[in-house]
Amino acid sequence: MLGQTTVPLVGLVDTAVIGHTADATALAGVALGATIINLLFWTFGFLRMGMTGMTAQAEGAGDVAEVEAMLLRGLALGFGLGLVLFALQIVLIPLAFALLAGGAGLDAAAEGYVAARFLGAPASLAVFAINGWLLGLGRTRAALALQVVMNLVNIVLSVLFVWYYGMGARGVGLGTACAEWVALVVGVLIACRYTGGLAVWRRLRARRLFAREAIRRLFAVNADIMIRTIALLLLFAWFTNAGARLGETTLAANQVLMQFVSVSAFVLDGFAFTAESRIGQAIGAGSATSLRRAIRLIGEFCLAAGVAFALFFWVGGGAFIAALASNQEVRAIAVSMLPLVAIVPAIGAPAWLLDGIFIGATRGRALRNAAILATAAYIVTDLLLRPAGVWGMWLALVLSYIYRAAALGAFLPGLLRSVALAKRAP
């Protein structure tokens with residue numbers, strides 16, 4: 001949870017750095033650019049999620065060689081995909097701006113941010129894999145150290161590039177890209193501590209590292225998680241586009257309000273990450289009892305924390321908004337929407353927890369189907385509520401978390417039965 005707290009802290013600082021320039025266009029540009037980067041980079045979020053579940057299961061089964069092989073496969077895959085993404089930016093960036101509603105000034109601000117972020121693509125995707133591997137092993141302090149280093153560097157450089165060098169939205173993106181390369185170096189050093197350094201290459205023969213069955217399972221699980229991630233990214237891209245259609249001021253206000261969602265989602269994801277590790281290890285060990293106990297205990301803490309966050313946002317949200325933006329129109333829209341946005345942590349907690357359970361269980365098909373259903377239901381809801389303007393847009397987003405939780409919850413009894421049957425099998 002401490003590690004996850006530093007992730008939205010970067011978004012908060014970035015928003016505050018741009019927000020206090022009183023330039024609504026620049027703030028809206030960061031919002032649009034961040035949506036494009038999330039859509040493109042987090043398409044490969046399976047590098048984090050798939051790695052966690054499979055590493056945890058290998059750890060639970062006591063297969064040390066497979067744990068080490070997972071790290072090397074993940075690093076190679078992440079860095080390679082990052083290079084491909086970097087090479088394709090000449091096509092991807094214009095396509096993304098063509099799909100999302102903006103304007104000449106807004107697109108110019110967003111394009112500087114996006115172009116700068118692409119410089120860190122290989123490092124960003126490789127760090128996904130390292131984070132997933134560390135979380136799968138339950139090495140949460142190491143994951144915390146990695147996040148803290150990356151995010152502190154990000155914060156310092158973003159402030160430096162925007163306020164000292166006047167680089168605007170591009171400076172925010174460049175700060176993040178530089179921080180991702182620093183994080184890759186630190187992450188490799190941390191991983192070497194747990195594998196004995198370069199000796200891991202000598203211990204693992206090529207036959208084990210690239211075993212056909214292991215590679216097949218890696219891509220089978222990750223393909224479903226990739227589709228799931230794309231579906232959810234499209235949901236949030238649709239939401240950003242809906243804000244852009246209502247004007248730059250509304251989009252800027254949404255960027256401020258999304259910090260509430262981001263803070264609660266990332267911090268409560270600490271429980272989800274714990275679930276991924278514990279669930280994966282319980283399944284790897286074939287223990288239905290450990291599985292049920294992990295779900296119950298983590299669920300209780302996650303739901304309680306969600307309610308606490310909702311109350312905190314309800315009481316202190318106005319001051320939070322004032323600290324992030326100086327434009328009065330942006331503040332007014334954000335404050336008017338605060339009562340609805342504040343309940344997101346309580347409503348979203350079950351969805352985030354269930355994500356962690358199914359990722360740890362490597363049930364990619366359930367994750368895929370639930371995300372597709374939830375996204376489709378959200379889009380229909382948003383279209384129906386469009387006459388209500390910004391209120392309808394946010395209400396549709398809140399309801400999307402209910403759709404996700406309900407869809408994943410429908411698969412939970414089957415997961416519990418499968419582990420219980422596996423335990424009884426001879």
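## A bent helix, α14

Helix α14 (residues 288–324) has 37 residues, yet its end C-alpha atoms lie only 46 Å apart, short of the 54 Å that a straight helix would reach at 1.5 Å a residue. The expected span here is 1.5 Å times one less than the number of residues. Where does α14 bend? The bend falls at G316 and is about 65°, taken as the angle between axes fitted to the seven residues ending there and the seven starting there.

This is a predicted model, in which local features need pLDDT of at least 70, side-chain atom pairs count only at pLDDT 80 or more, and totals for chains, interfaces and linings use all residues. Residues are numbered from 1 along each chain as its sequence is written, and side-chain values use heavy atoms, with hydrogens and water left out. Helices are DSSP runs (H or I, at least four residues), numbered from the N terminus.

## α14 against α16

The axes of α14 and helix α16 (residues 344–360) come within 8 Å and cross at roughly 150°; axes are lines fitted to C-alpha atoms over the stretch in contact, with angles from 0 to 180 degrees between N-to-C directions. The two helices are therefore roughly antiparallel (over 145 degrees).

On the α14 side, the contact (heavy atoms within 4.5 Å) includes I295, G299, C302, G306 and F313. Among its α16 residues are P345, A349, L353 and I357. By class, this contact has 14 nonpolar, two polar and no charged residues; Ala, Val, Leu, Ile, Met, Phe, Trp, Tyr, Cys and Pro count as nonpolar, Asp, Glu, Lys and Arg as charged, and the others, Gly among them, as polar.

## α4 and its two partners

Helix α3 (residues 46–60) packs with α4 at about 170°, their axes 9 Å apart, which makes α3 roughly antiparallel to α4. The residues in contact divide into 10 nonpolar, three polar and two charged.

Helix α4 (residues 64–87) also packs with helix α5 (residues 89–99), at about 65° and with axes 5 Å apart. That makes α4 roughly perpendicular (65 to 115 degrees) to α5. L85, F86 and A87 of α4 meet Q89, I90 and L92 of α5, a set of five nonpolar, one polar and no charged residues.

Methods: Angles under 35 degrees count as roughly parallel, over 145 as roughly antiparallel, 65 to 115 as roughly perpendicular and the rest as oblique.
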